[in-house]
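Reader: I would like to go through this model carefully, with the cut-offs stated as we go. Please take my questions in turn.

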Amino acid sequence: MSKTWRVYLSGEIHTDWREQIEAGTKAAGLPVSFAAPVTDHASSDACGAEILGPEENEFWFDNKGARVNAIRTSTLIKDADIVVVRFGDKYKQWNAAFDAGYAAALGKPIITLHDAELRHPLKEVDGAALAWAQEPSQVVRLLKYVIEGTL
């Protein structure tokens, strides 16, 4: 019986890195299923107020949305076999750092994905990760090796 590996793709939402990893694993024929946070920024921000009622105070608007999103995120990270955390260069991804810390606390294997210029500010996150990749193609190769044991 073949295992289907569950990979959670956390972090930056403004580039196509997720699609590159998904396409690469599909092309390699790897038994992987992917999960991710809601990547529609506006929906992610507004979900709490849209579903549970409006908030005039920005703090409570954000807090309500964060809690609703945490239902999805915490469940999917708990269910993941591997967590890939992407840090982009345009925005501060505090949520990605939080996801990495949560995954580390759960003992989940973490692969970080970011450019070399972010090495220093992410040294603690990379310290908790089992691998640091700089390109989505490296993540695909890591998954291939971990799953099949082949280069």
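Reader: In which strand does arginine 86 lie?

Author: Before the answer, a word on the source: this is a predicted model, in which local features need pLDDT of at least 70 and side-chain atom pairs count only at pLDDT 80 or more, while totals for chains, interfaces and linings use all residues. Residues are numbered from 1 along each chain as its sequence is written, and side-chain values use heavy atoms, with hydrogens and water left out. Helices (H or I, at least four residues) and strands (E, at least two) are DSSP runs numbered from the N terminus, and arginine 86 belongs to the run of residues 82-86, strand E3.

Reader: Is arginine 86 buried or exposed?

Author: The classes rest on relative accessible area with a 1.4 Å probe and protein chains only: buried is under 20%, exposed is over 50%, and partly exposed lies in between. Arginine 86 has a relative accessible area of 12%, so this residue is buried.

Reader: Which residues is arginine 86 in contact with, leaving aside its neighbours within four places in sequence?

Author: Contact here means heavy atoms within 4.5 Å. With the sequence neighbours within four places set aside, the residues in contact with arginine 86 are Ser10, Gly11, Glu12, Trp17, Gln93, Ala96, Leu113, His114 and Asp115.

Reader: In what order do the elements of the protein chain run?

Author: The secondary structure of the protein chain comes to 6 helices and 5 strands. Read from the N terminus on, the order of these elements is β-α-β-α-α-β-α-β-α-β-α.

Reader: What is the radius of gyration of the protein chain, beside the value that the globule rule gives?

Author: The radius is taken over C-alpha atoms, and the globule rule is 2.2 Å times the number of residues to the power 0.38. For 151 residues the rule gives 15 Å, and the chain comes close to this, so it is as compact as a globular protein of that length, with a radius of gyration of 16 Å.

Reader: What share of the residues is buried, and what share of the contacts between residues at least 6 apart in sequence joins residues at least 24 apart?

Author: Of the 151 residues in the protein chain, buried ones make up 38%. Among contacts between residues at least 6 apart in sequence, the share that joins residues at least 24 apart is 60%.

Reader: What separation do the closest N and O atoms of lysine 144 and glutamate 148 show?

Author: Both residues lie in helix H6 (residues 136-148), and because they are 4 residues apart there, about one helical turn separates them. Lysine 144, with a relative accessible area of 24%, is partly exposed, and glutamate 148 is partly exposed at 37%. Their salt bridge has its closest N and O atoms at a separation of 2.5 Å.

Reader: Which residues does threonine 25 touch, not counting residues up to four places away in sequence?

Author: Threonine 25 is found in helix H1 (residues 17-27) and is buried, with a relative accessible area of 2%. Not counting residues up to four places away in sequence, the residues that threonine 25 touches are Leu30, Phe34, Val140 and Leu143.

Reader: How far apart in space are leucine 106 and isoleucine 77, C-alpha to C-alpha?

Author: Leucine 106 lies in the loop between helix H4 (94-105) and strand E4 (110-113), and at 36% relative accessibility it is partly exposed. Not counting residues up to four places away in sequence, leucine 106 touches Ile77 and Lys78. Leucine 106 and isoleucine 77 are 29 residues apart in sequence, and their C-alpha to C-alpha distance is 8.7 Å.

Methods:
A salt bridge is a side-chain nitrogen of Lys or Arg within 4 Å of a carboxyl oxygen of Asp or Glu.
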